[in-house]
Amino acid sequence: FGHAKNNEKRMCLNTLIKACAHAGDHDRAKHWYQQILDTGLYPNMKTYGKLMEAAANAGDPELAKHWFDIQAEKGFESW
């Protein structure tokens, strides 16, 4: 990521998560989520929304609920 600002780094990683969500590839989406954490960045509401989408598109509503619950624990409101 070179000299990119933190919000730009997170935006790039969120875009990768979004691509995985569209493909229904939750495992790969989780990989990029872990990259956010490993880079010392903080996930945002968009991050969790795309993780929920990835789980749903992978056919796992319970996993989508898991991400919904984590989002709520982190203080993000979904409505």
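Two salt bridges: that is the count here, where a salt bridge is a side-chain nitrogen of Lys or Arg within 4 Å of a carboxyl oxygen of Asp or Glu. This is a predicted model, so local features need pLDDT of at least 70 and side-chain atom pairs pLDDT 80 or more, while totals for chains, interfaces and linings use all residues. Residues are numbered from 1 along each chain as its sequence is written, and side-chain values use heavy atoms, leaving out hydrogens and water.

First pair. Lys50 meets Glu53 at 2.8 Å, N to O. They sit three residues apart in helix 3 (residues 45-57), so about one helical turn separates them. Lys50 is partly exposed at 23% relative accessibility. Buried would be under 20%, exposed over 50%, with partly exposed in between (1.4 Å probe, protein chains only). Glu53 is partly exposed too, at 25%.

Second pair. Asp69 and Lys65 meet at 2.6 Å, N to O. Here the spacing is four residues, in helix 4 (residues 61-73), again about one helical turn. Asp69 has 29% relative accessibility; Lys65 has 46%. Both count as partly exposed.

Now the whole chain. Four helices, zero strands. Those are DSSP runs numbered from the N terminus: helices are H or I, at least four residues, and strands are E, at least two. Buried residues make up 30% of the 79. The C-alpha box is roughly 40 × 25 × 20 Å along the principal axes.

Last, contacts, meaning heavy atoms within 4.5 Å. Of those between residues at least 6 apart in sequence, 51% join residues at least 24 apart.
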